[in-house]
Amino acid sequence: MRTWTGMIRRLIALLLSSFCLAAQAGEITAYTSLEEDDVKVYLDAFNKAKPGIKVNVLRLSTGDLAARMLAEKGNPRHDVIWGWAVTQMVDPRFLEMAEPYKPVGIDKVNAAFKDPEGRWFATTGYFAGFCVNTEVLKKNNLPMPTSWQDLLNPVYKGQIVMPNAASSGTGYAQVVSILQMKGEEKGWQYLKDLDKNIAQYIKSGSRPCKAAATGEYAIGISFAFSGVKQIMEGYPIKLVIPSEGAGYETEVNALMKTAKNKEDAKQFLDWLLTLEAAKLYGERSEMSSVPGAKASEAVLKAGLPPDVSVVLYKMDFASSAKNKDRIIAEWKQKIER
Amino acid sequence: MSSTAAATRLVPKFDTDRIAVLALVVVVVVPLLVFVVAPLVGIFKMSFVTADGIGFGNYVRYVNSPKFAKVVGNSLAVATTTTAITVLLAYAFAYAMRRTAMPGKRVFGSMALLPLFAPSLVQALGIVFLFGRNGVINRTFNLGIDIYGFWGIVISDVFYSFPHAYLILSAALAVADARLYESAQVLGATGARIFRDITLPSTKYGILSATFVVFTIVITDFGNPMVIGGDYSVLATEIYNQVSGQGNFQMGAVIGVMLLVPAALAVIAEKWIMRRHHATITERSQPLMVVRERWRDRTGLAFTAVICGLIAAIVLVVVVASFVTLWPYNMHVSLRHYRFEVQNGLKPLWTSIWVSLMAAGIGVVVSVGAACVTRRLRNLAGQCLYFLSILPAAVPGMVLGLGYILVFNDPSNPLEALYGTLLILALCNVYHYHAQGYLIAMTSINQISRVFDEASTSLGGGFIKTLWEVTLPIIASSIISVGVFFFVRSMVTLSAVIFLVTPVTQVAAVSVLLLDDAGNANQAAAFSVCIMVVVALALLLFRLVLRMSGRRNVLLIH
């Protein structure tokens, strides 16, 4: 029986060799939650540095990617995790999939941005920002919000869109930061009050900003850099960072124990800490753990603060990781429509 | 070996024939079991798997959750509203096309089918560009229409399902017995009376059939609610969120089963009605000649023009938005959205074409094969095969796709090597649309008189010989149209393959969804335009080939 299924399997593998694109030397598969356009920029640079390695990428929202990896757990399809929320990564179900690896240059990375056991390290991060469409604001005669508290103003009813905390990493970081800064009871009450003004909860973290950019809504609660991008595109957007402090999240990378091509996967992880990559982080992301990543002129002009650390809310990551499942369940029960 | 040879010599025809039929049965039935039945079994099994063993726990939990009633209610509300509107509009449209003497029928007839050649979410994309809160209409007239939610889904799905209803109703209205209408007029019946007492009753099967077809399409549609639904969740989007967002395969399977029930009931009802549909047209019937009638023709023209105008406007605004610099703030022409600055670039389009070609090839073989075998079997076995072949019509694409992951991403399955390949996408498309392809082939084969079979058999031709030299050449045009059908559906389908794509096997329709999901509506529009162009070119190419080989009037659209 065994040999029989084995034979069939070999036969099919043979038949498929013309269609099949299985992992082979010089090719790795990465699962990521980075934005599509950023992925392209990073990979173009990586391909120039290491022309021999082709990176296949699956991009999904943070929560979706978690689901995908759990679903495939018996038979993982990827070699590396790339740019994925640390609050997800530290879940034991994912930690046990990761193989400890210390990439070249890891010593330069601040201890807060890496796992002491070497199972993950962060390169970039994101924090909350409101994308406010000035044209829509003017047309509807609305005031410019500056804080989370301002968003409760009833004049914004039906004009605000926000990410869905269950699927979007940005959304979860926002919700958890509010719960941490206000305490759970007041925090949930705030979210319920805010809910009265929310037109839609959107699955992705960047899309609320884009909905505001095209003028579908006045305010898109998103992460800061998506606002920067829309401003650079030329949309009438102003980036507002909530004055209470912005909840944030770091994006980590990891090597899979089950990687089929560990050599190339390691080279890819090494590259993520190079100066070349760091320069790109300065142009494509609001925060970076890698020395040498400096925000570009254009980015600063679009409204990103030069010193990011002052606008951040000091998150308790251990708590936000530990309570993730409970908070998301509660969010779905109390807030989700 | 020698005994077989001896047997062959004794009853040669009987034996080779039997082997040939048997071989074809195996070729047709085994894949149906593997690619339709097994995934369904997988879904059912998964829906009963709970943390504390096998049981109804998932069902109990889901039915008791407050969200359940809401989502089911939403789905039913959208589906019934859309069905009512679509059938009404499509009936009026088909009536104008078939029963009035208005000009421009050819153009309107083709325009009505436009939505078939675009991914389902194109309707929703176009409607957002037109009727969105900052869309063309609201900006121009300052109306403050808020399209997201119930009405957005209904309007998008009306346009999405319109061609399907129109094709059925147009066929129903095409035939009529002129003698009935003449007698009614002689007896002094008014136009309204004639419509109520003759036209409507004679097309009631068409209406019922269209109703069920539209209902199934709408309740299982995934693309439009994703784009325009906002927070209004329906069953189809809920599966996606449960599985893709929360990794909850059990719950996804439960909702899948829930979705399967109404869809399956609708399909069964439709087949049951069609069985009762005895021919009202006999050999003594006179074809109805449509005479000119000024006001009726003008009304018909105005109505069809408005519907076609709206259909065209939705497609057109998508095309325009794809060529605009910064919708809606900077309307200068630009090709920037066609640069596709995402990691795979335009590659998914080529992947889609390749998958669709494979699906066309495989689809022709399996569905025409199934049709030939069904005709040959005739008895109970034939009926079983018929049931198996049309079973996929009752299976929503998302449910099938989910079933494929459950079955084929399992290391203990010898077919696991298929997972993550382009072949499984092609197979998934073939079996998702198997029923339709099979029915096209069946209709065509059933038009061949059995006299041919008997003549061929009495002249010594076996099953294979008859098939090869008689049946297939007669239905060659239909075979081509089956292939075109599979190609087109594979190019635009989204729901089944959404669960199966991997980074290297991403297809074009999924790219459109992902681009829109990330908020790049203009790039999503540009990608949709590319898909529509490929489909249009493919149809033109097939027309040309058919014309050159001397075959005309082949139906390429189903």
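Reader: At what angle do the axes of helix α16 of chain B and helix α20 of chain B cross?

Author: This is a predicted model: local features need pLDDT of at least 70, side-chain atom pairs count only at pLDDT 80 or more, and totals for chains, interfaces and linings use all residues. The two helices (DSSP runs of H or I, at least four residues, numbered from the N terminus) span residues 347-377 for α16(B) and 434-446 for α20(B). Their axes (lines fitted to C-alpha atoms over the stretch in contact, with angles from 0 to 180 degrees between N-to-C directions) come within 8 Å and cross at roughly 50°.

Reader: What does that make α16(B) relative to α20(B)?

Author: Under 35 degrees counts as roughly parallel, over 145 as roughly antiparallel, 65 to 115 as roughly perpendicular, and the rest as oblique. The axes cross at roughly 50°. So the arrangement of α16(B) to α20(B) is oblique.

Reader: Which residues of α20(B) make the contact?

Author: Contact means C-beta atoms, placed from the backbone, within 7 Å. α16(B) brings B:Gly363, B:Ser367, B:Val368, B:Ala370, B:Ala371, B:Cys372, B:Thr374 and B:Arg375. α20(B) answers with B:His434, B:Gly437, B:Tyr438, B:Ala441, B:Met442 and B:Ile445.

Reader: How many residues of the contact of α16(B) with α20(B) are nonpolar?

Author: Ala, Val, Leu, Ile, Met, Phe, Trp, Tyr, Cys and Pro count as nonpolar; Asp, Glu, Lys and Arg as charged; the others, Gly among them, as polar. In this helix contact, one residue is charged and five are polar. The nonpolar ones number eight.

Reader: How many residues of chain A are in contact with chain B?

Author: Residues are numbered from 1 along each chain as its sequence is written, while chains are lettered from A and ligands numbered from 1 in the order written. Chain B puts 37 residues into its contact with chain A. Chain A puts in 48.

Reader: Which helix gives the most to the side of chain B that touches chain A?

Author: That side of chain B divides into 19 nonpolar, 14 polar and four charged residues. Two helices each supply at least two of its residues: α13 (235-245) and α19 (422-432) of chain B. With three residues, the one that gives the most is α13(B).

Reader: How far apart do the C-alpha centres of domain 1 of chain B and domain 2 of chain B lie?

Author: The bounds come from an automatic or database domain assignment. Domain 1 of chain B covers 11-49 and 340-558, and domain 2 covers 65-281 and 294-334. The distance between their C-alpha centres is 24 Å.

Reader: Which helix gives the most to the side of domain 1 of chain B that touches domain 2 of chain B?

Author: Domain 1 of chain B gives 36 residues to this contact, and domain 2 of chain B gives 37. The domain 1 side has 30 nonpolar, five polar and one charged. At least two residues each come from α2 (12-48), α18 (397-408), α23 (476-492), α24 (508-517) and α25 (521-548) of chain B. With 11 residues, the one that gives the most is α25(B).

Reader: What distance separates the centres of domain 1 of chain A and domain 2 of chain A?

Author: Chain A is divided too: domain 1 takes 22-125 and 249-294, domain 2 takes 126-248 and 304-334. Over C-alpha atoms, their centres are separated by 26 Å.

Reader: From which helix comes the largest share of the side of domain 1 of chain A that touches domain 2 of chain A?

Author: The contact takes 16 residues from domain 1 of chain A and 20 from domain 2 of chain A. The domain 1 side divides into four nonpolar, seven polar and five charged. Two or more residues each come from α3 (62-71) and α4 (86-89) of chain A. The largest share, three residues, belongs to α3(A).

Terms used. Two residues are in contact if their C-beta atoms, placed from the backbone, lie within 7 Å.
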